[in-house]
Amino acid sequence: MYNDFKQISVADLPGLIEGAHMNKGMGHKFLKHIERTKQLLFVVDISGFRLSPQTQYRTAFETIILLTKELELYKEELQTKPALLAVNKMDLPDAQDKFHVLMNQLQNPKDFLHLFEKNMIPERTVEFQHIIPISAITGEGIDELKSCLRKSLDEHANRENYAYHKKQLLNLQISNTVTYSELPSKNAVTSSRMDII
């Protein structure tokens with residue numbers, strides 16, 4: 001809840017993993033929730049991620065690309081939703097250096113796609129409206145994250161309202177336009193009232 005009493009709901013989908021589009025893990029159960037959201041918030045560990053000892057270690061950038069691919073494989077429209085990125089564990093000693101590397105990768109993703117197998121490269125990469133470094137432990141960046149979430153949702157609502165009002169105005173203009181397919185004849189009554197003399 002915000003100071004102006006605006007409240008937002010957040011669906012946490014932990015463990016969205018490689019293969020989720022094929023219903024691996026909690027795959028479809030999680031992905032169906034994403035369809036109903038207004039925006040996406042990716043939360044990645046700056047140190048990278050490894051699901052289990054049997055799986056490959058992924059950097060933060062690799063995690064983002066693979067999550068993007070999972071969204072694409074499940075339903076491409078999900079990639080068009082407004083998205084934000086929270087980069088967690090910024091309290092770790094080498095986090096700032098890794099964050100600079102990640103920012104470079106996100107600004108020039110095509111330069112780093114050679115790191116992936118061809119079938120794991122998404123058709124389009126997600127463009128994040130905001131990238132916020134945070135630390136869940138120290139609280140660093142959490143207020144900024146909340147502010148960015150709210151700002152993004154408000155901007156989305158304003159765009160939707162503008163589009164709705166524009167459509168309503170267009171419909172009103174169309175309904176007020178009278179089109180005649182032929183001119184009325186000389187004897188046609190053009191008034192709802194007729195005086196008899």
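Which residues of α3 are buried?

Reply: Happy to walk through it. A word on the basis: residues are numbered from 1 along each chain as its sequence is written, and this is a predicted model. Local features need pLDDT of at least 70, side-chain atom pairs count only at pLDDT 80 or more, totals for chains, interfaces and linings use all residues, and side-chain values use heavy atoms, with hydrogens and water left out.

The buried residues of α3 are A95, F99, L102 and Q105. Here buried means under 20% relative accessible area, exposed means over 50%, and partly exposed is in between, with a 1.4 Å probe and protein chains only. Helices (H or I, at least four residues) and strands (E, at least two) are DSSP runs numbered from the N terminus. Seen down the axis of α3, the buried residues fall within an arc of 120°, so they line one face of the helix; the arc is that of the directions from the helix axis to the C-beta atoms. On the other side of α3, D97, H100 and Q107 are exposed. The helix has 13 residues and reaches 18 Å from its first C-alpha to its last, close to the 18 Å expected at 1.5 Å a residue. That expected span is 1.5 Å times one less than the number of residues.

What lies over the buried face? The cover of the buried residues of α3 includes α2, β2 and β3 (130–133), so let's take two of these in turn.

Strand β2 is largely enclosed by the rest of the structure, because six of its six residues are buried. A83, L85 and V87 point one way from the strand, while L84, A86 and N88 point the other way. In a regular strand, side chains alternate between the two faces of the sheet. β2 also pairs with β1 in the parallel sense over six bridges, where two strands pair if DSSP finds at least two bridges between them. One of the bridges joins L40 to A83 in β2.

V87 has 0% relative accessibility and counts as buried. Leaving out residues up to four places away in sequence, V87 touches V44, I46, F99, L102, I131, I132, P133 and I134; contact means heavy atoms within 4.5 Å. F99 and L102 in that list are also among the buried residues of α3. The C-alpha atoms of V87 and S47 are 9.5 Å apart, although the two residues are separated by 40 residues along the chain. L85 has its own set of contacts beyond its neighbours within four places: L41, F42, V44, I64, L106, F128, H130, I131 and I132.

K89 has a positive phi of about 70° although it is not a glycine. Most residues other than glycine have a negative phi. At 37% relative accessibility, K89 counts as partly exposed.

Helix α2 is mostly covered, with 14 of its 15 residues buried. Its end C-alpha atoms are 21 Å apart, which agrees with the 21 Å that its 15 residues should span at 1.5 Å a residue. K69 lies in α2, and K69 is buried, with a relative accessible area of 7%. Beyond its neighbours within four places in sequence, K69 is in contact with N119, M120, I121 and P122.

These pieces meet in the largest nonpolar core, which has 27 residues. Such a core is a set of buried Ala, Val, Leu, Ile, Met, Phe, Trp, Tyr and Cys residues joined through side-chain atoms within 4.5 Å. F42, I46, L85, V87, L102 and F128 have the most contacts inside the largest core. The elements giving two or more residues to this core are β1 (40–45), α2 (60–74), β2 (83–88) and α3 (95–107). The largest share, eight residues, comes from α2. Another core lies apart from this one and has eight residues, among them Y2, L84, L145 and C148.

To place all this in the fold: the protein has four helices and three strands, running α-β-α-β-α-β-α from the N terminus on. Of its 197 residues, 33% count as buried.
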